[in-house]
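Here is a short briefing on the inside of a protein. Keep the sequence and the 3D view open as you read.

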Amino acid sequence: MPALALHGANISAASKAETINFIGHSRGACEAIIAAWFLYAYGDEKVRNTPINIFAIDPVPGFGAWYGLLTQLPPNVANYVGVYAWDMSNNINSIDHAFQAVVPRPNGRMRGEDNEIHIHDQSWFNWLKREPSWSVMANEAQQKDPLASDDNYPQPQGYELYACRGRHGTVAGNTTADGGYDAKNLNSNVAAVPELIYKMARGYLTQWGSQFSTPCAVETDVLALRQHIHMFHREFDLMGGGETRTSKLTGRPYVRRISSIHGYRPSNTYYMEDVVGNPPYKLSYPVTTERQGKGWVNWKFL
């Protein structure tokens, strides 16, 4: 992941673009965040100050350490849009049950505060643990947690979080009924989700200055796609453990976990339903009876 992020950063720096737009899914979305850090930390003054926009589709770092580069946006990121799949869970029967998503913290620019940060130098302790210097550069730069509660804090600008029905693969283009990878299990009702995310991505990238040589491949408008998703929600309900997510088991096994905390402990996570607030009553988003609270950043429901 860091190697591909460095490769992307090098290509971006060599382009001498006035604005850099990144889009990625899963680890690709995480690589976009890391690439932004590499441009900020290693680029010359012009590259360092080039604004970066990120469209992240269900960013999942995978197993192992969650580096500070993943959980904090660097000062050069002007816009971050994150789309997160709702129908994931810790259910062991799911092929992607452990895919916990990262929600990076907004930078000072987005919060209307001081945007300067101090890049952490490698310590003897990190060196003894054989941690490379890039992996710790953002450890001491962690700013306000977007998933923590704070009713009196103003909303960040250029920072948008979306919840969407479907699983990790669904939001990226998978149209199987269960979010799995058997092509014999395609379902036309599921297709509305990846079509919606595709249109969103094109819309944001166009807004940020990207130009497309081909027209949009999805002719259905956004409102119709959203209506279809919530009218035909049976497949999405089944993907995440059923229409009702409350379980007799402890730990809410049918509720997704997300995190904005760097470190090595997998317990550093939030229940997704506890940080997004109450879903709009007109939209179908199954929650458990244990759902409570809300993070200070307002989420949008697709």
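Start with Arg-167: its relative accessible area is 2%, so this residue counts as buried, a label for values under 20%. The model is a predicted one.

**A buried arginine**
- Look for Arg-167 in the loop that runs between β5 (159-164) and α7 (192-207).
- A polar atom of the Arg-167 side chain lies 2.6 Å from the backbone oxygen of Met-239.

**The nonpolar core**
- In soluble globular proteins, nonpolar side chains tend to be buried together.
- Here, the largest nonpolar core has 77 residues.
- Ile-54, Phe-55, Tyr-80, Ile-197, Met-200, Trp-299 and Leu-302 have the most contacts inside this core.
- Helix α2 (residues 27-42) gives the most to the core: 11 residues.
- Take Leu-302 as an example. Leaving aside residues up to four places away in sequence, Leu-302 touches several residues, including Val-83, Tyr-162, Ala-163, Cys-164, Ile-197 and Met-200.
- Arg-226 and His-230 are also among the residues that Leu-302 touches.

**Empty space inside**
- Rolling a probe the size of a water molecule over the atoms shows where empty space is left.
- How many cavities of 30 Å³ or more does the structure hold? There are two.
- The largest cavity contains about 60 Å³ of space.
- Trp-86, Arg-245, Tyr-254, Val-255, Arg-256, Met-272, Glu-273, Pro-286 and Val-287 line the largest cavity.
- Six of these lining residues are nonpolar and three are charged, while none is polar.

How values were computed. Residues numbered from 1 in each chain as written. Predicted model: local features only at pLDDT ≥ 70, side-chain atom pairs only at ≥ 80, totals over all residues. Heavy atoms only, no water. Core = buried A, V, L, I, M, F, W, Y, C linked by side-chain atoms within 4.5 Å. Buried < 20%, exposed > 50% of the residue type's maximum accessible area, 1.4 Å probe, protein only. Helix = DSSP H or I, 4+ residues; strand = E, 2+ residues; numbered from the N terminus. Contact = heavy atoms within 4.5 Å. 1 Å grid on protein atoms, 1.4 Å probe; cavity = no way out; pocket = protein on both sides within 12 Å on 5 of 7 lines; lining within 4 Å. Points joined across faces, edges and corners; volume = space filled by probe spheres on them. Nonpolar A, V, L, I, M, F, W, Y, C, P; charged D, E, K, R; others polar. Polar contact = N/O pair within 3.5 Å; in protein donor to acceptor, adjacent residues only side chain to side chain.
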